[in-house]
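Here is a short report on one protein model. Please look over the sequence and structure first.

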Amino acid sequence: MSNSSFNFFVIILGFLLLGLPIILIHYSTVPPTPEQFYSEINIIDTVQDGRSAMILNETAKINGSSSYWDSLGALPELSYINNITELIIGEEDFLATVNTQNYGGFKDNVHIFNLTMRISLWDNNTDTFYTEYNETLNGSSTFMFVKLDIETDAYSTFATGQYPSIGNIIDEIDSRGIQLKYIITVTFNANLEREDGNYKISFGRVILIDNNEYPILFLSNEDAWSPVKGS
């Protein structure tokens, strides 16, 4: 073997023995990308009137067993309604102890938590509702709860495939002269670890609040959390 060939061989061998492990160590310690680890909670109160924040907080606590649904009975769709406040508390507890070095590089761990809740004053313009409805729910909810009259419960619920068009409901609200106060929107996207693997979900909500500060219309496309991988 010539000296030049031998030198080249030594260089390649040196790279394999020294350079490659360094490269592997480097990539194994690369910080996580937003697709591997991301946590953001946006709570937006555009009103700040002393009441809106409390209303937003109360609606965030609604889940499938809340008294809000008392007139419905045991609808299977209710099992999908998440308590957003509990999700936030769980995420904050997780962030207080997490070591992000467990994510990124060659690791397959994933943690995504992306939540935005917004409350705004109702501007007496139905176009505002349709804009929020289309942007938040892509123009199609899978669950609707309507209660236009608290005392008589004139409209109790319309479950999947059984409720009238959203246009008819908005027209009914208008024809009854119901005064609206706030509109709430929620968007949530998550891929979270559990003991038996990761589970993901993505959903939106649109809620209309009347002058009595009661949520008379609750729209959502929540469904079951889907498993991503096994343990």
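**Confidence.** This is a predicted model. The mean pLDDT of the protein is 82. Of its residues, 78% reach 70 or more.

| Element | Residues | Mean pLDDT |
|---|---|---|
| Helix 1 (lowest confidence) | residues 3-28 | pLDDT 50 |
| Strand 2 (highest confidence) | residues 111-121 | pLDDT 97 |

Over residues 6-10 the pLDDT falls below 50. That stretch makes 1 contact in the model beyond near neighbours in sequence.

**Fold.** The protein has 5 helices and 8 strands. Along the sequence they run α-β-α-α-β-α-β-β-α-β-β-β-β. Of the 231 residues, 39% count as buried. Contacts reach across the sequence: among those between residues at least 6 apart, 73% join residues at least 24 apart.

**The largest pocket.** Rolling a probe the size of a water molecule over the atoms shows where empty space is left. In this model, the largest pocket holds about 160 Å³ of space. Which residues line the largest pocket? They are W122, N124, T126, I170, I173, D174, G177, I178, Q179, L180 and L208. By type, the lining divides into 6 nonpolar, 4 polar and 1 charged. Helix 5 (residues 166-175) gives the most to this lining, with 3 residues.

Conventions:
Residues are numbered from 1 along each chain as its sequence is written. This is a predicted model: local features need pLDDT of at least 70, side-chain atom pairs count only at pLDDT 80 or more; totals for chains, interfaces and linings use all residues. Side-chain values use heavy atoms; hydrogens and water are left out. On a 1 Å grid over the protein atoms alone, a cavity is a set of points where a 1.4 Å probe fits but cannot get out, and a pocket is an open set with protein on both sides within 12 Å along at least five of seven lines; lining residues have an atom within 4 Å of a point. Grid points are joined across faces, edges and corners, and a volume is the space filled by probe spheres set on the points. Helices (H or I, at least four residues) and strands (E, at least two) are DSSP runs, numbered from the N terminus. Ala, Val, Leu, Ile, Met, Phe, Trp, Tyr, Cys and Pro count as nonpolar, Asp, Glu, Lys and Arg as charged, and the others, Gly among them, as polar. pLDDT is the predictor's confidence in each residue, from 0 to 100. Contact means heavy atoms within 4.5 Å. Buried means under 20% relative accessible area, exposed over 50%, partly exposed in between (1.4 Å probe, protein chains only).
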